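Trainee: Hi, could you walk me through this one? I'd like to look at it with you first.

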Protein chains: 2
Amino acid sequence: MIQAYAAEAAGAELKSFSYDPGPLGQDEVEVEVESCGICHSDLSMLDNEWGITQYPFVAGHEAVGVIRALGSHVSDRHLGQRVGVGWYARSCLTCEQCLSGDHNLCSQTQATIVGHFGGFGDRVRCQSTWAIPLPPELDAATAGPLFCGGITVFNPLVQFDIRPTHRVGVVGVGGLGHLALQFMAAWGCEVTAFSSNPDKTDELKSLGADHVVNSRDPEALKAVAGSLDFILSTVNVSLDWTAYIQALRPKGRLHFVGVVLEPVPVNVFGLLDRQKTLSGSPLGSPATVAQMLRFAAHHSIAPITQAFPFSQVNEALAHLRRGQARYRLILTH
Amino acid sequence: MIQAYAAEAAGAELKSFSYDPGPLGQDEVEVEVESCGICHSDLSMLDNEWGITQYPFVAGHEAVGVIRALGSHVSDRHLGQRVGVGWYARSCLTCEQCLSGDHNLCSQTQATIVGHFGGFGDRVRCQSTWAIPLPPELDAATAGPLFCGGITVFNPLVQFDIRPTHRVGVVGVGGLGHLALQFMAAWGCEVTAFSSNPDKTDELKSLGADHVVNSRDPEALKAVAGSLDFILSTVNVSLDWTAYIQALRPKGRLHFVGVVLEPVPVNVFGLLDRQKTLSGSPLGSPATVAQMLRFAAHHSIAPITQAFPFSQVNEALAHLRRGQARYRLILTH
């Protein structure tokens, strides 16, 4: 039996929950969870905001731990290996996307917390491909958020061939944004942070921002018009997107990794005139996760976390709901 | 004096108009116009739809002709050389965009018909860089539309690294779209034409379409969901853009070269889920125009045109206004 924390209904408190996971799949590994980050998506799923949650619901998709069991066909992992398990627990491995190295774009992905029990427990399972080995240089106690927040902001740098000569921006400096600043600075870019809280300027600069712009000040946004090659939006609220498109240089890209529910009204001439682009992307492939981990190890990039014991999971969720996470919460055993 | 056709006010009939162009600029050439295509932008400018028209207004930005005068500093062109003059008559040549080969993204471009007299006349002037030599294999009488319509649809294939293995689509088969179909088929792609007039199916296939989809049939659009890597929209009306984004494959791009005035409402999750992109671009650089002309010559790609004598310019404009151009109108002396 796996001991976990589950909600029985939308928005309910998590309670101790034990379940029999059945026989281990031939291509699966079972990971003993050492720690698990809490992502805003865990809250969205808990509250059934996207209408796809199944109860009892076990959240957690930023888990780090040690492989304690291997499916009979698993040859790419070994017992005792420390790995991370992120948003995806499985992909088909046989479609064009998987065969092209874009496993995260596979239409048959199994998300770790959608119709599957996640990492808020003592064990979690996934396809071996998606249990990504953690380099020994990285701190197992805080690395969890790299497997969702980290890969989400790192992957676009790879996908869109961002270069060290590019001038880049990050909109929203929370769990995702504080990692984006670190990655982009290490990437060699000149980095602008757009934050609604300019009091954090010194902190944002210590994370890698060269410039800080008050995202609530229309004049400040105007002042950076035409100055950025790439803007990464990590927020899930509607902003004045036209102002951010105007902040792009020719051939610039505004890229969304945060899900904004309201449609973004795009002025076609605003894109066409200077060849600008709008896009979005979900997480990253296993190969890109491994690249990210090596890059993080090389550049000493780590999530800034606040730890809660698993027994205080409800307190931790309440902390996140109040917007008090600085910058990512982690549950530990 | 240059003999031209000009409108004195928004939407007015064109009348004979002669003007003194003054001394030829040091970096300019003067081209004796042999023929000039009529683009929908000529109508938009004539009607002052974009609020930037200056009167008397001389339209025409798809001119082909022969260089009859060279500015004192011009060394890259010669007298008697046959060239085309498109949307741009000048760029600064010194900014980062020009120095990077992206002259069409220069913020100092001079458009041929904005505050400048265009090609509806016996002569037209432009900076020598923007008078692009016409390969002798191309028919001077019909090549004009390549310099606006042609480069507008060819340039994205270059900019976004469209590959022969890509499945591509064209929305709207008019002056731009009929050239896009030819370029894409010659590019090696599997091509889908989205047309509101499925009666044209045989004609669209002869232009290069492998498949024809009725753009007014929601069920037909649904049937192609997830099937295209690249969709080029040439229309200037609002369509069900969400359906076109859904027609994209993972990593697919919906690209606008037609100016749609109503904002396009973009569902961020629809982009993010499968890493899709929305973008726009204006025309192309001199180097890309030259590439396009070589490619057109190699593949025997030509605009399909209907010719009117310059003396019937108003009849030609009326023909275009009625939506009767198949596919591009050309004025000839």
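**Talking it through**

Mentor: Let's start with one pair: Arg125(A) makes a salt bridge with Glu30(A), and their closest N and O atoms are 2.7 Å apart. By salt bridge I mean a side-chain nitrogen of Lys or Arg within 4 Å of a carboxyl oxygen of Asp or Glu.

Trainee: Why does the pair tie together parts that are apart in sequence?

Mentor: Arg125(A) sits in strand β8 (residues 123-127) of chain A and Glu30(A) in strand β3 (residues 28-38) of chain A, so the pair links parts 95 residues apart in sequence. Helices (H or I, at least four residues) and strands (E, at least two) are DSSP runs, numbered from the N terminus.

Trainee: Before we go on, what kind of model is this?

Mentor: It's a predicted model, where local features need pLDDT of at least 70, side-chain atom pairs count only at pLDDT 80 or more, and totals for chains, interfaces and linings use all residues. Residues are numbered from 1 along each chain as its sequence is written, chains are lettered from A and ligands numbered from 1 in the order in which they are written, and side-chain values use heavy atoms, with hydrogens and water left out.

Trainee: Okay, how many residues are in contact between chain A and chain B?

Mentor: 37 residues of chain A are in contact with 37 of chain B, contact being heavy atoms within 4.5 Å. The two chains bury about 3000 Å² between them, 55% of it on carbon and sulfur atoms. Buried area is the accessible area (1.4 Å probe) that two parts lose on being put together, summed over both.

Trainee: Which residues in chain A lose the most area to chain B?

Mentor: Val268(A), Leu272(A) and Gln275(A), together 21% of what that side buries. Gln275(A) also has a phi near 55 degrees, which is positive in a residue other than glycine. You'll find Gln275(A) in the loop between α8 and β16 of chain A.

Trainee: How many salt bridges are there across the interface?

Mentor: The rule finds six between chain A and chain B. One of them joins Arg167(A) to Glu96(B), with the closest N and O atoms 3.8 Å apart. Over all chains the count comes to 32.

Trainee: New topic: which strands form the open sheet?

Mentor: Twelve strands, in the order β12(A)-β11(A)-β10(A)-β13(A)-β14(A)-β16(A)-β16(B)-β14(B)-β13(B)-β10(B)-β11(B)-β12(B), with mixed pairing. Two strands pair if DSSP finds at least two bridges between them.

Trainee: And which are the edge strands?

Mentor: β12 (211-214) of chain A and β12 (211-214) of chain B, each pairing on one side only.

Trainee: Which way do β13 and β14 of chain B run?

Mentor: Strand β13 (residues 228-233) and strand β14 (residues 248-256) of chain B run parallel, joined by five bridges. Ile231(B) stands opposite Leu254(B) in β14(B).

Trainee: What about β15(A) and β15 of chain B, parallel or antiparallel?

Mentor: Antiparallel: β15(A) pairs with strand β15 (residues 264-266) of chain B over three bridges. There, Val266(A) stands opposite Val264(B) in β15(B).
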